[in-house]
Amino acid sequence: GTLQPHRAHPHQRVYLLRGFLNVFSLGMDQLADELRQRGIEAVVANHTLSGLYANEAIRDCKAGWISSIAIVGHSLGASAGVDMAEQLAQAGITVGLVVTVDPITPTAAPGNVTRLENFYISDGVGKIVQRGPDFHGSLQNIDVKSDAGIGHVSIANSEHVHQQVLRFVAAAATSRCK
């Protein structure tokens, strides 16, 4: 036998979307490694590919290959993550967790999202996330401006943020995508 989780069984998949030009969100890659070490499937991509990944997630959820979906995005990737969740909503797919990390555009939580956690820096470029008209889930805006030395770029690498995201992902594993 192998130590890798058997991928034929339905499992949670986490999509991590990087921000502008891929370079400012390398913390997303680090987070993906931490997830994989816990046996969780993690896909890291540029925010511009969110539509492509939404189609993949819809297909894989409907086929029963994945049981739960989480989306984590930084900066432009945060907005793309919410767009991706909205695309999944149109297909009737539930997203167990969306984590937005310092989104730079005004964003509203879509109705198909069970839990949205937004990390932002209140005195920086990051914005809070509002409740969308159909949203009935759990929404938390977490201001991290008191974390020493944190900024819009470094927030994606914050160990404190990573630890919380790992906990949120673990808690969302039971949330079924369909």
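The legends below describe close-up views of one predicted model. Local features are described where pLDDT is at least 70, and side-chain atom pairs count only at pLDDT 80 or more, whereas totals for chains, interfaces and linings use all residues. Residues are numbered from 1 along each chain as its sequence is written, and side-chain values use heavy atoms, with hydrogens and water left out.

**View 1. Helix 1 covers residues 26-37.** Helices here are DSSP runs of H or I with at least four residues, strands are runs of E with at least two, and both are numbered from the N terminus. Helix 1 has twelve residues and reaches 17 Å from its first C-alpha to its last, close to the 16 Å expected at 1.5 Å a residue, where the expected span is 1.5 Å times one less than the number of residues. After helix 1 comes Gly 39, which has a positive phi, near 80°.

**View 2. Buried and exposed residues of helix 1.** Gly 27, Met 28, Leu 31, Ala 32, Glu 34 and Leu 35 are the buried residues of helix 1, buried meaning under 20% relative accessible area, exposed over 50% and partly exposed in between, with a 1.4 Å probe and protein chains only. Seen down the axis of helix 1, these buried residues fall within an arc of 160°, so they line one face of the helix; the arc is that of the directions from the helix axis to the C-beta atoms. The face turned away from this buried side carries the exposed residues Leu 26 and Gln 37. The buried residues pack against strand 1 (11-18), strand 2 (41-46), strand 3 (66-74) and helix 4 (159-172), contact meaning heavy atoms within 4.5 Å.

**View 3. Helix 1 and helix 4.** The axes of these two helices come within 11 Å and cross at roughly 45°. Among the residues of helix 1 that meet helix 4 are Gly 27, Gln 30 and Leu 31, and the residues of helix 4 in this meeting include Glu 159, His 162 and Val 169.

**View 4. Helix 2 and helix 3.** The axes of helix 2 (residues 50-62) and helix 3 (residues 76-90) come within 9 Å and cross at roughly 40°, the axes being lines fitted to C-alpha atoms over the stretch in contact, with angles running from 0 to 180 degrees between N-to-C directions. Contact residues include Tyr 53 and Ile 58 of helix 2, together with Met 84 and Leu 88 of helix 3.

**View 5. Gly 92 in its loop.** Gly 92 lies in the loop between helix 3 and strand 4 (97-101), and it counts as exposed at 54% relative accessibility.
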